[in-house]
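Subject: Structure handover

Dear colleague,

Here is the structure for your files. My notes on it follow below.

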Amino acid sequence: MKKHFETEAIRTQMERSQFAEHSAPLYLTSSFVFEDAEELRAAFADEVDKNIYSRFSNPNTQELTEKICVLEGAEDGVAFSSGMAAVYTSFAALLNSGDHIVSVRSIFGSTHTLFQKYFPKWNIETSYFGADTPKEVEQVIQPNTKIIYIETPTNPGLDILDMEYLSAVAKKNNALLVVDNCFATPYLQQPIAYGADLVIHSATKLIDGQGRVLGGLIVGRKDLISEIRSFFRNSGSALSPFNAWVLSKSLETLAVRLDRHCENALQIAKHLEKQTKISKVKYPFLPNHPQYKIAIKQMLKGGNIITFELKGGIEAGQTFLNKIKMCSLSANLGDTRTIATHPATSTHSKLSNEERAAVGITDGLIRLSIGLENIQDIIEDIDQALEKV
Ligand SMILES: *Cc1c(COP(=O)(O)O)cnc(C)c1O
């Protein structure tokens with residue numbers, strides 16, 4: 001019987017070895033041995049569930065994948081060397097020349113670059129719809145649309161998309177709904193329960209949660225994962241067993257970490273709303289968020305990302321970043337350490353000015369990834385920097 005989230009995140013574990021270790025060991029081995037010729041044949045024929053070579057599978061990557069499948073309610077999954085390897089491989093495995101993607105406009109910068117610069121080389125075009133005008137999806141969908149792709153919350157727009165609605169549109173049009181669940185993690189939201197066919201993670205972010213390793217996952221329908229796994233095995237974006245071991249341990253504390261991340265973020269968002277130098281604060285669980293109703297329907301809590309707009313524009317934004325003392329200036333997110341970034345000049349700098357404007361990335365937009373330091377210290381650092389803006 002399926003246990004509660006925290007219990008599954010801790011107790012989903014590979015079988016113990018002859019040493020009866022309590023915590024799962026790390027298997028640093030590139031290949032595995034066989035008893036005899038028959039076992040070797042059966043393993044390559046996929047007749048037995050046995051590890052062959054660590055580019056295909058390894059006990060540590062299997063444990064991590066199984067755990068995410070349990071937490072997301074997915075049938076099957078694959079672990080990758082990074083979140084982008086998961087994104088790229090899923091499209092490359094599932095799409096053919098002439099297929100079409102419909103994507104929300106506000107998405108992670110590298111995913112946007114894949115859609116704009118590389119997929120057209122293979123005759124795969126992408127059309128976009130606005131997160132604040134989701135009904136547009138029904139206008140841009142075409143008979144050759146194979147995938148509707150979304151992030152929710154979006155990075156860095158923090159918009160929330162209604163997964164129930166979009167999965168119904170996907171089904172009606174014979175397309176797949178693929179959700180990048182990086183900002184929410186399976187603890188805050190499980191897209192498969194709302195009809196998603198595949199769920200993608202950058203495990204680098206909140207799943208690791210401590211800014212140490214890269215990793216990615218894709219989980220979902222068995223038939224689709226089988227296609228993806230075959231492409232993955234032959235194209236070489238395997239996750240290192242060490243990173244898988246780290247990420248599986250990290251999941252043991254995901255729920256408690258996120259409870260604190262979200263509690264800190266909500267309090268800080270409310271604090272920022274009261275500051276006179278800030279014109280706009282966006283956080284999914286603030287009632288003035290444009291999609292607040294959808295956020296509280298499909299998310300357990302609001303996550304750890306806040307964006308805000310300084311009245312002084314680009315100059316104020318840069319002064320703010322320069323005056324921050326404790327919080328880090330970094331492109332990562334979902335770390336124990338609070339991070340401030342300026343999307344216009346970092347993660348989304350490859351987009352043109354028009355593209356940035358279309359997804360709401362203004363020059364003065366600051367993105368905060370709220371960490372696990374004591375909330376008083378985070379607020380103190382933000383306040384002293386705001387004073388100098
Ligand atoms: C970071 C990120 C990715 C890419 O993950 P990597 O592990 O850095 O390759 C994809 N989607 C979202 C929403 C992200 O924030």
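Pro-156 sits in the loop between β4 and α7, and the peptide bond that joins Asn-155 to Pro-156 is cis, with omega about 0°. Pro-153 is also found in the loop between β4 (145-151) and α7 (163-172); a cis peptide bond links Thr-152 to Pro-153, at an omega of about -5°. Helices (H or I, at least four residues) and strands (E, at least two) are DSSP runs, numbered from the N terminus.

This is a predicted model, in which local features need pLDDT of at least 70 and side-chain atom pairs count only at pLDDT 80 or more, while totals for chains, interfaces and linings use all residues. Residues are numbered from 1 along each chain as its sequence is written, and side-chain values use heavy atoms, with hydrogens and water left out.

One further backbone point: Asn-123 is not a glycine but has a positive phi of about 60°. Asn-123 lies in the loop between α5 (109-118) and β3 (125-129).

Now the ligand. Ala, Val, Leu, Ile, Met, Phe, Trp, Tyr, Cys and Pro count as nonpolar, Asp, Glu, Lys and Arg as charged, and the others, Gly among them, as polar.

The polar contacts (pairs of N or O atoms within 3.5 Å) include these:

- Asp-180: a side-chain N or O atom is 2.6 Å from a nitrogen atom of the ligand.
- Met-84: a backbone N or O atom lies 2.8 Å from a ligand oxygen atom.
- Ser-202: a polar side-chain atom is 2.9 Å from an oxygen atom of the ligand.

Of the 380 Å² of accessible area that the ligand has on its own, the protein covers 92% (Shrake-Rupley method, 1.4 Å probe).

Last, a helix pair. Helix α3 (residues 59-72) packs against helix α10 (residues 241-251) at an angle of about 35°, with the axes 8 Å apart; axes are lines fitted to C-alpha atoms over the stretch in contact, and angles run from 0 to 180 degrees between N-to-C directions. The residues of this contact (heavy atoms within 4.5 Å) divide into 8 nonpolar, 3 polar and 2 charged.

Regards

Methods. Polar contact = N/O pair within 3.5 Å; in protein donor to acceptor, adjacent residues only side chain to side chain.
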